[in-house]
Amino acid sequence: MALSTRHLLGIKELLPSDIATILETAAQFKEVLQRPIKKVPSLRDVTIVNLFYENSTRTRISFELAEKRLSADTINFSASGSSVSKGETLLDTVNNILSMKVDMVVMRHSASGAPHFLAKHIPAAIINAGDGINEHPTQALLDAFSIREKLGTLEGVRVAIIGDILHSRVAQSNIHLLQKMGAEVIVCGPPTLIPRYLTEAFGVRVEYSVEKALAWCDVANVLRIQLERQNQVLFSSLREYNLAYGITRRRLDALAKPITIMHPGPINRGVELDSDVADGPHSLVLQQVENGVAVRMAVLYLLANRNG
């Protein structure tokens, strides 16, 4: 099994066969993670740098754990407290790291397109761990893996992406992936948090009533309200948002069927998702975290072999 690409820059660039290969490989690595000894020598002698220009906890830890499980050598680089804060350019930083003979770069950056820029200028394999408000491909892959594990398929599954669509790279990657794999997608949220181009660019239906979106879907993927990215007031208050769009037990109890609840994290409890829903029997939140390691192991393994 091999991928058609040297890098993972976004879901937009992947073929459906690439996505299927990653998900199948992730299923094999998830089996490895259930063993008493969870480490395999697949990437021994492969050196990976984790290049994070934005703060991250779960994505970074997930990648680090995936790399360790594959026996890779890892270097962790944080922009704060580094030469970046002294004015060094992105290309200079990476070229300096590459001179240390690095094979792969896992990169998160606040500028959309930063991983694409790197991929054009350096020989190492680039994995996008989130770029601006563009894409977050491994999150979409682990979300898809979690849905397929729970429901048995992606084909024909109805997924409602609910919340701050405007600032979400997760939403963009999920829409690309779900449509490529035969799922149906709608987006739901306040008009101020849904970009106007969405329908034209993706052909996605927009729903402004959270009750209608929940009644329609099999899976609700609930997104965090990203207050740190909002430079203007887009809704009246967090309390008002919860009343209008929060996924509450009362809203779920009113449905004719149980639906699966997902969230990429971190959760603003009591805002987009109430605690009794996040911790409830139909929530996949913790499974998403667990599956993230297996999916990232699959991506690293496949790209290392592709570039070997």
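Predicted model: local features only at pLDDT ≥ 70, side-chain atom pairs only at ≥ 80, totals over all residues.
Residues are numbered from 1 along each chain as its sequence is written, and side-chain values use heavy atoms, with hydrogens and water left out.

Let me start with the annotation. In the unreviewed UniProt entry, "binding site" covers Lys86, Arg169 and Arg224, and such annotations may be inferred rather than shown by experiment. Of these residues, Arg169 and Arg224 are included in the lining of the largest pocket.

Arginine 169 belongs to helix α6, residues 169-180, helices being DSSP runs of H or I with at least four residues and strands runs of E with at least two. Arginine 169 is buried, at a relative accessible area of 8%, where buried means under 20% with a 1.4 Å probe and protein chains only. Its side chain makes a polar contact of 3.1 Å with that of glutamate 54 (a pair of N or O atoms within 3.5 Å, one able to donate a hydrogen and the other to accept it).

Arginine 224, by comparison, sits in the loop between β8 (219-222) and α9 (238-245). Apart from neighbours within four places in sequence, arginine 224 is in contact (heavy atoms within 4.5 Å) with Asp164, His263, Pro266, Asn268 and Glu272.

Now to the helices. The axes of α5 (residues 137-151) and α12 (residues 285-306) come within 8 Å and cross at roughly 115°, with axes fitted to C-alpha atoms over the stretch in contact and angles running from 0 to 180 degrees between N-to-C directions. Among the residues making this contact are Leu141 and Phe145 of α5 and Val295 and Val299 of α12.

Methods: 1 Å grid on protein atoms, 1.4 Å probe; cavity = no way out; pocket = protein on both sides within 12 Å on 5 of 7 lines; lining within 4 Å. Buried < 20%, exposed > 50% of the residue type's maximum accessible area, 1.4 Å probe, protein only.
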